[in-house]
Amino acid sequence: MNKVLTILLFGMLLASCGTSKKILYLQDMPINQLEQITNKTDITIQPKDMISIVVSSKDPQLALLFNLPRANYRMGTSSGSSNSNGEILGYTVDNKGNIDFPVLGYLNVKDKTREQLAQFIKAKIMEEDLIKDPVVTVEFMNLHFSVQGEVKSPGEYSIDRDNITLLEAISKAGDLTIYGKRDGVVVIREENNTRIAHQVDLRSTDLFNSPAFYLKQNDVIYVQPNTVRAGQSTVNDNNVKSVSLWISIASFLTTLGVLIFK
């Protein structure tokens, strides 16, 4: 009897260890050890993006020339604006990466970060001696990523800051379900009229070096199902698994009974 219990306990421990290796994230992550971050990237502006740009100054009347009406209302620089709903008008980047900016004309904003664009516009205004003390604020308006597959809350999520990681994106979607493959996370990315799919393994710190670790606008994250979920997708497979499961249980109980009562 003791031998049987020992064998059962040992088998359960082995199964537990195997399951942990399939599920735990970043299993080879060093603890209490500083690591240099070398590949951190901010999101850059691309064609079809919509951005808001607000210029402010000590002289609100000068700043009015550079601001769209509703943006003026939000910043409080034009209390007499006819728009009272506070909505923001933005600039849609054209296919060549340009926007038509008041006074300054067409500006190429493609591949610039929010900070770079703000500094660029500020420098242009000061170079032409239009405002001596401009403060330029750039915000994203329509940037998003999508999460699909084996996560708790699939859907589309907004990007409201300069960078967001794959782990943060998965957290927004409520984390993977128990049926999601930790080594089967695919990030589909489209840019410059090309498409590429990066597959990552959440169980390994190699994730940090993947070009998909820092997301870009319009990325699609797809979490593949594991074999259990894939098996549940067909009725026949379910029936086969159910029958084989009960046969295995019956066989095990029979063997156990023979050993105990022999």
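Strand E1, residues 50-56, runs antiparallel to E2, and 2 bridges join them. One of the pairings is between Met50 and Thr92, its bridge partner in E2. Before going further: this is a predicted model, and everything I say today is computed from it.

Let me place those strands in their sheet. The sheet is open and has 3 strands in the order E2-E1-E5, with antiparallel pairing. Strand E2 covers 91-92 and strand E5 covers 135-140; these two stand at the edges with a single partner strand each, so each has one side left without a neighbour in the sheet. Helix H4, residues 114-127, packs on this sheet and touches E1 and E5. The direction of H4 makes about 145° with that of E5.

Arg114 has its place in helix H4. What does Arg114 contact, leaving aside its neighbours within four places in sequence? The contacts are Val138, Glu139, Phe140 and Asp162. With Asp162 there is also a polar contact between side chains, at 2.6 Å. As for the other contacts, Val138, Glu139 and Phe140 fall in the range of strand E5, 135-140.

Now the other sheet. This one is open too, with 5 strands in the order E7-E6-E10-E8-E9, and the pairing is mixed. At its edges are E7 and strand E9, 194-200, each pairing on one side only. Direction ignored, neighbouring strands here are turned by 20° against each other on average.

As a reminder, strands of a sheet pair through backbone hydrogen bonds, either parallel or antiparallel. In this sheet, which strand runs parallel to E6? That is strand E10, residues 220-225, joined to E6 by 4 bridges. Within that pairing, Gln148 stands opposite Tyr222 in E10.

Strand E6, residues 144-149, also pairs with strand E7, residues 155-158; here the two run antiparallel, again with 4 bridges. A hairpin of 5 residues leads from E6 to E7. On either strand you can find the partners: Val147 has Gly155 as its bridge partner in E7, and Ser146 has Glu156.

On the next step across the sheet, E8 and E10 run antiparallel and are joined by 5 bridges. Gly180, for example, has Pro225 in E10 as its bridge partner.

Strand E8 brings me to the pockets. The largest pocket has a volume of about 470 Å³. Its lining consists of 20 residues, and those nearest the centre are Gln46, Pro47, Glu190, Glu191 and Asn192. Which element supplies the largest share of that lining? Strand E8, residues 180-191, does, with 3 residues. By residue class, the lining of the largest pocket holds 3 nonpolar, 8 polar and 9 charged residues.

The second largest pocket contains about 330 Å³ of space. There are 14 residues in its lining, with Glu35, Gln36, Ile37, Phe208 and Asn209 nearest the centre. How do the residues of this lining divide? The second largest pocket has 6 nonpolar, 6 polar and 2 charged lining residues.

Technical notes: Residues are numbered from 1 along each chain as its sequence is written. This is a predicted model: local features need pLDDT of at least 70, side-chain atom pairs count only at pLDDT 80 or more; totals for chains, interfaces and linings use all residues. Side-chain values use heavy atoms; hydrogens and water are left out. Two strands pair if DSSP finds at least two bridges between them. Contact means heavy atoms within 4.5 Å. Axes are lines fitted to C-alpha atoms, for helices over the stretch in contact, and angles run from 0 to 180 degrees between N-to-C directions. On a 1 Å grid over the protein atoms alone, a cavity is a set of points where a 1.4 Å probe fits but cannot get out, and a pocket is an open set with protein on both sides within 12 Å along at least five of seven lines; lining residues have an atom within 4 Å of a point. Grid points are joined across faces, edges and corners, and a volume is the space filled by probe spheres set on the points. Ala, Val, Leu, Ile, Met, Phe, Trp, Tyr, Cys and Pro count as nonpolar, Asp, Glu, Lys and Arg as charged, and the others, Gly among them, as polar. A polar contact is a pair of N or O atoms within 3.5 Å; within protein, one must be able to donate a hydrogen and the other to accept it, and residues adjacent in sequence count only if both atoms are side-chain atoms.
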